Every structure is written in C-alpha cells, then in structure tokens.
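Subject: Structure handover

Hello,

Here is the structure I promised to pass on. Please open it first, then read the notes below.

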Amino acid sequence: MPTQVLLVVLVLAAGVVLGRLVSRRTGLPEAAVYVLLGVGAAFIPGVGEVRLSPDLVLLVFLPPLIYYAAFFSDPRETANNLVPIIGQSVGLVVATALAVGGSLLLVFPDVGWAAAIAFGAAVAPPDPVAAGSVLQRLGAPRRLVTVLESEGLVNDGVALTLFAVAISAVGATTSVGEVGLQLLIEVGGGIAFGLVVGIVSATLRRFVRDTASHVILSLVTPYLAFVPAQELHSSGVLATVTAAVWLGVRGRGLVEPTVRLHSETFWTVLNSLLVALLFVLLGIQVPAVIREVGAYSWTALAVAAAAVVVVAILVRLAWVMLVAPLGALLPVREELAAQMPWRERVVLGWCGPRGAVSLAVALSIPLTAADGAPFPRRDLLLFLTVVVVLVTLVGQTVPLPRLLKVLNLRPDERERTEGVRARRAAVDAALRELDEVAERDEPGPAGVEELRQVLELRRDHLRDQLEATRHAHRHGDDEGGPEPEAHGEGATDVSALRLRLVEVERETLRRMQANGEISRTTMVAISQELDLDETQLRRRR
C-alpha cells in the first residue's frame, strides 16, 4: 500500500509538471492537457485503481479554489455586470439542469424527473478555470473574463443547492413549500454564515503579525466557512465566496506588506497546484467509469451522450445570445444591465467547459434513494457526466484561440494601457510628494536628488512605453517589460522618505481603483510590486 501511494504521488507530480510543459509548447489549454495525461496515467498498474472521492473535491479542493477566485475578484466590476452574472449563475444553471434532464428522459425515461434534474444540476455549472485561463492568456476583453469568473463564483452554489433538493426528492414526497424553504435556508444561511466568518477572520488578522501564522489563518478560513455551513444544511460555496469577498475588500490592508506579499504568493502557487492535481485526478477516473457501463447498449449510450452534450452547449449559447439581452428591459440602473457586443456574447456562450466539480457532484449521488430502493441508473449518470466533462473541456477550450482571432476580439486601448497609466500616475504622485518635501525641508535629506532622477527616468520610460503600447499591433507587446526600479538607489538617511513615497504610490492606486479608473486586478498586481519594494527597503534599514 505505501508503494502504491508513493507511485500515485509521483504520477500526479509528473503529470502536473509535464502538463505545464506540454501546454506551453503546444498552446493547448492546461486543463485539457492535464485530463488527457490523467487518462493515460490510468493505464499504469496501480494508478488506475485510484478513485476520486466526492468528499476529496467538495471538502478539500473546492473551498480553497473558490476562496482564491473570490478573494481576488473585483466587486465593483461584478456589480457593474450584475444582471448578466445573476442571469447566468442562477437562471442559466436552472435552465440547463431542466433541459439536460429532459433530454436524458427522452432516451432513458425510467430515470425519473428528480434523478434527471439532479444529473442536470451536476453538469449545469461551467468551470471558469479552463476557459478563463485561455482568455486571460490571449488578452480577451476584461469584461468578458469578469463575467465568466464572477459567474463561476455563484453557479457552483446554485447547482449544488438544486442538486441537493433533487436528490432528496428521489423516492420521496415533498411539497413546493418544503422545497422553497430548503432553498431559502441554503442560500440565506450560506451568505449569513460566510459574512460572520469573514468579519471574524478580518478581526483576527489585526493581531497576526508573523507570516507563517497569517498564511495558516488564510488557509483555514475557506474551510471554516465551507464545512460548518454544509453541516448546517446551508450553501458552503456561498459561505466561502462571501467570506472571501469580504476579506478581499476589507482585510487586505490589515496586514503588513511583507506578510501580504508572502501570503498572496502562497495562494497563487497553491491555486495552480490544486487545479492541476484536480484535472489529472479527473482523467484517472475516466477508464473506470467507462467500464462500469459495459452492460448498456452502446447505441443507447451514444444517443444519450450526444443528446446531453449538445443540449448543454446549445442552452448556454441560446441563453447568452437570446435571453441575456432581455436584461436591458429590467427596471434597474442602465449600467447594471449594459449589454455585451454580440461578438463577446458568442465567446461567452461558447465558454462552457465542465470540470471536476461536475464529476465530484455526480460521484456524490447516493447508492440508494430516500425510499431505500437503488438509485435509478446511477452508473449511467456517472458515465454521462464524464462524457460531458471531457467533450466540453477539450472541445470548447481548444478552439477558443481561433474563435477569438476570427471574431477579432481584443482589449480596447484603455484596457491595454491600464497598467502603464496606473504606474505613471503613481510615479507622478511620488514626484509631487517629493516636491512638497523639498519645499518643507531645506536642505532636504541627502540622496533626494538621486531619488528624484530615478523617478523621473521611470516616468519618462513609462511615457515612452505608453506611446508604444498605443501603437502596438500584437497583444504580447502591450505591457512591455518591467519598469526600472524606482526605489533601487539612495542613501540610508533617505530611506524613510522612500518608504513614504511607496505609500503615496499605493494610495494613488487605491484611489484609482475606487474611482473605476483601473481594475482591482491591476491594482493588486502593482501593489504587490510596491510590497516587494517596501520589504526590501525595510530589510536594508
């Protein structure tokens, strides 16, 4: 047994490393490569016997993945696209569950409506990781990525809630009122509990100073939100999202720059590792799931698989292209219901790959129904879930680069120059602060003129870079290389002033983000650079 465990660990590690290499060399989406490598690894003796427990995904993988995505999300941009996000994360999930469940019943009517809807709920929520990573790498318009990622924060919770309600109805008699009450407890309880966890965690962060303790606190926070909420029959997904958003908005400034830098680096690495492991493990499950449906007619399996895959894809496309534009008719502020151009809607509608969460939800289907009878067609539902995940994961992510090119989708000039403009505004603010110091203190500290020269050189470089970016024809040239260090030189007696300038730059970025001039992503990225500058300065003092 220890030898088998070691073998599985080595295979997973090799799959993660090899997957990144293959993806970078071929340009294929990492998620698709990981799954295919996992399928190949399943034929290694001892590895194919590994079974992906639903508890492993729902209780180990899912909370930190949701927490990471929500913590670094931009609430302001999410609010600006609230109508399409809610429509897709709630309305589209329900519509997909009903449509997919109905298509399954046409081929296997003995499954029953409750079980069919449970299956539909399992495959309804797309996994934004696979498609989102491709869109970000290729430089898609930011609003497109924002809607996709924000939808992914909520649709898992909606799907899991619908799944739980449908499962409880298999073999049982439930009223509409009981279903409504269960939904209210799931949603309302999850949000309320997550808010409590976020507030408590933010309070604790004020008293945590060392890096290790802060990283540990941030690591246990998603589990403290997810697991108790699930035990209280509330939505653990919504609880985790709520806690993460609260901490991302209120808690980020409560810790020292050094601690914040190490913590965010840890989470970036952890997120990449968990995503890779999850997709490799998903691939390993595929051969075993296929073997379990050997008693079925392959014709019936093929018809059912084609039906549910086609319906899942077409429902999303139809919703985004036809239903989503109706949001403009709602009695809400115009900016909340602003519509995407049709080209962006085509890409958004196509970005519907399903992931390991769908398989984990399907694996959690009980062996018996509420009345004690065997759960109807459980092996069939697992097989169809694997088919939907594989076909959409590979078939919808691989063509994305070509689709973006054909539709000529790229960020506008404001988005392409956002990072450079933000850095230039921060440097201008630092120079103004330096001028005020020079006026107040005569003579100024030694090294002030050298510091001024460095900042002016950086400002000139950013100005040239801004002009080059505006005339660039390729996305890869938009942001250019790193800017010269603004705080790399100077005497010891000017170090306090240099720290003050870092804070001035940081405050400028916060103000620009609050005013909607830059995105939260840009603000966090540049703030991390300033955190590194400040960390190095304090070490030299």
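Of the 541 residues of the protein, 51% count as buried. Buried means under 20% relative accessible area, exposed means over 50%, and partly exposed is in between (1.4 Å probe, protein chains only). This is a predicted model, so local features need pLDDT of at least 70 and side-chain atom pairs count only at pLDDT 80 or more, while totals for chains, interfaces and linings use all residues. Residues are numbered from 1 along each chain as its sequence is written, and side-chain values use heavy atoms, with hydrogens and water left out.

Overall make-up

The protein has 22 helices and zero strands. Helices (H or I, at least four residues) and strands (E, at least two) are DSSP runs, numbered from the N terminus. Contact means heavy atoms within 4.5 Å. Among contacts between residues at least 6 apart in sequence, 81% join residues at least 24 apart.

H10 covers residues 211-231, which is 21 residues. Its first and last C-alpha are 31 Å apart, close to the 30 Å expected at 1.5 Å a residue. The expected span is 1.5 Å times one less than the number of residues. H10 bends by about 25 degrees at Val220. That bend is the angle between axes fitted to the seven residues ending there and the seven starting there. A proline, Pro222, follows within four residues. Buried residues in H10 include His214, Leu217, Pro222 and Phe226.

His233 is in the loop between H10 and helix H11 (236-251). Its phi is positive, about 60 degrees, although His233 is not a glycine. Most residues other than glycine have a negative phi. His233 is exposed, with a relative accessible area of 59%.

Arg377 also has a positive phi, near 55 degrees. Arg377 is in the loop between helix H15 (356-363) and helix H16 (378-397). At 27% relative accessibility, Arg377 is partly exposed.

Helices H14 and H17

H14 (residues 342-350) and H17 (residues 400-407) pack at an angle of about 170 degrees, with their axes 10 Å apart. Axes are lines fitted to C-alpha atoms, for helices over the stretch in contact, and angles run from 0 to 180 degrees between N-to-C directions. H14 and H17 are therefore roughly antiparallel; that label applies to angles over 145 degrees.

Which residues meet here? Trp342, Arg343, Val346, Val347 and Trp350 come from H14, and Leu400, Leu403, Leu404 and Leu407 come from H17. By class, this contact has eight nonpolar, no polar and one charged residues. Ala, Val, Leu, Ile, Met, Phe, Trp, Tyr, Cys and Pro count as nonpolar, Asp, Glu, Lys and Arg as charged, and the others, Gly among them, as polar.

Asn408 is in the loop between H17 and helix H18 (413-416). Asn408 is exposed, at 61% relative accessibility. Asn408 and Arg343 are 65 residues apart in sequence, but 8.5 Å apart in space, C-alpha to C-alpha.

Two more residues to look at

Thr385 is in helix H16. Is Thr385 buried or exposed? At 0% relative accessibility, Thr385 is buried. Leaving aside neighbours within four places in sequence, Thr385 is in contact with Phe119, Val123, Ser358, Leu359 and Ala362.

Ala164 lies in helix H8 (residues 142-169). Ala164 is partly exposed, at 26% relative accessibility. With neighbours within four places in sequence left aside, Ala164 is in contact with Gln182 and Glu186. The C-alpha atoms of Ala164 and Gln182 are separated by 9.4 Å.

Best wishes

Definitions and conventions: Angles under 35 degrees count as roughly parallel, over 145 as roughly antiparallel, 65 to 115 as roughly perpendicular and the rest as oblique.
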